[in-house]
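Hi there,

Here is the structure I promised to pass on to you. Have a look at it first, and then read my notes below.

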Amino acid sequence: MHFVVCAKQIPDPETPPSAFKIDEATNSVVPAQGFQPVLSQFDGIAAEAALRIKEAAGDDTKITVLSMGAESAQAAIKQVLAMGADEGVLLQDDAFDGGDSHATATVLAAAIQKLGDVDAVFCGRQSADWDMGQVGLLVAEALGWPVAIIAKDVQIADGTMTTTRVLADGFETLTQPIPAVVTVSNEFGEPRYPKLQQIMQAAKKTVTTMTHDDLGLDPGNVGAAGSRLKLERLYVPASDTQVELIEGDTPEEQAKNLVAKLVADKLF
Amino acid sequence: MARNILVVGELVEGALSPTTAELLGQSTRLVDGGSVAVSLMGSGASGAASSAFEAGADKAFTNDDSSYDQYNSDHWVNAVEAALDGVDAVLVAQSSVGRDIAPRLAARQNTAAAMDCINVTDDSGTLKVTRPAYGGNALAEYSFAASPAVATVRAKAFEVIEPRSGASGATVELPAAGESRTTIQGRELAEAVGLSITEAPVVVSGGRGLGGPEGFEQVEALAAAFGTSRAAVGSSRAACDLGWYPVSQQVGLTGKVVTPDLYVAVAISGASQHMAGCSGSKMIIAINKDPDANIFQNSKYGIVGDYKAVLPALIEAVKAVS
């Protein structure tokens, strides 16, 4: 089989709010000093899901990692290669910049079609920067494939994808014919840490780069030009909360003082 | 300018879901002379239409086919597409249904969806949506370059309208469920722990700082002190991922969004993805031994201290006034 993992490089979500800055003139995030961009964590989990299926099958299943982004996104691709993926493709083109979920999915779907023999696409449930959670669904629609979102378990065998999805009040198990798309959630489990030797091997692997020309895409249909959602404003909301730390010589005294505040605020 | 809005409705045991009523309420404020429609699918759909009319709908697209009771993506997408004629905007709850159907409907209509919105407004005739990004560190405001605009909206983002008692409207039959590439093999309900965290007026949540699943016994005892008919127990994603508490109780961007009168965060650092799930609470209080924990930036009151010492005292103090 041939699996694709979609991987996105994002600003480190562990950046403390105090270091989080926005340039309101360009509606973009100012990279925080001392924080390197990282692989979106849900994409690492999607890669783990693909790797476990390959290992369980014990066959020559190939895993290709796709990332749309700048040259720096090579690092995200190399991380998934170090985990055990076989090949990497960077979708890099100025024409891809500023794209919304639809424009991004258009590029990813074109790349998947170009690869040609893909059986399943694994995405994170959402990118941990914009948190839209729709690229996987849009890739599936663009390809005309079935899709299962927010999976905590994925199996692929005998032409069928079986997923267990996390719902608001429980879980459901679905079967769908492949080729199909799945988006994987944190309930799946932790992604593996590559060993040093795997990191060194991945560093030596060549990542193929593709542009809109390679994919046969019209620049007017991708990036900012192809976007249907217009970001009008990005800003840090004003916080008007000033915490009042409750004093007291003992925990009992602190607890009484806190409850007195809650009583005064009519919470009882 | 008049605009027509379709709300993709959801039923809970045959009745209109609270968020569906909220979306209908906001739609009446946005249509500007246009009409509000609702789609209702599954057992009880045509019966629930009267509640939808009272909540603001002018027209209901319904089908009582029990095949729609369990959400099947292909079935629902195909049916709702039949209700989109002349529609300028589609509103859906940010629910298990909304997360799936909104992007697919947008793709089918060659338009875009904005997910997890906290506001939908009219700005001089242009529909705009606001949603958190970067784990709640930022707010993003969007307009749409294609029509219909599709948006999923958080629960409790909008007020319902005063019920229009006795209101009625046109009803149109949606097609029955057709083919689907997806077979639902089974569903299981998650272990429910007391009151629903999205409904309870008080939510007491525990995080990674509890140090282990046994820490939740104290968190549960504090909730019980507020009253079992009043308080529910939540958990941070870290604590759920560690297997300390059921996923159904997870508060945060990838869990549930809660808006209680009082949110008590015990040993939770307050990562922005957690705050995205509780920042709509009327009051947040935090108990954490790290005075620099981000949770204090978002809290009205805080106690800096080890929960193992603070909680037993707080449980007694709360019991004394409950």
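**Where the two chains pair**

Strand S11 (residues 170–177) of chain A and strand S13 (residues 183–189) of chain B run antiparallel and are joined by six bridges. Strands here are DSSP runs of E with at least two residues, helices are runs of H or I with at least four, and both are numbered from the N terminus; two strands pair if DSSP finds at least two bridges between them. Within this pairing, Phe171(A) sits opposite Glu188(B) of S13(B).

A quick note on the source: this is a predicted model, where local features need pLDDT of at least 70 and side-chain atom pairs count only at pLDDT 80 or more, while totals for chains, interfaces and linings use all residues. Residues are numbered from 1 along each chain as its sequence is written, and chains are lettered from A and ligands numbered from 1 in the order in which they are written.

The contact as a whole takes 64 residues from chain A and 68 residues from chain B (two residues touch if their C-beta atoms, placed from the backbone, lie within 7 Å).

Chain B also has an open sheet of seven strands with parallel pairing, in the order S7-S11-S6-S1-S4-S5-S12. Strands S7 (113–117) and S12 (170–173) of chain B stand at its edges with a single partner strand each, so one side of each has no neighbour in the sheet. Inside chain B, S4 (residues 36–41) and S5 (residues 59–63) run parallel, joined by five bridges, and Ala37(B) has Lys59(B) as its bridge partner in S5(B).

Chain A, finally, has seven helices and 15 strands.

Happy exploring!
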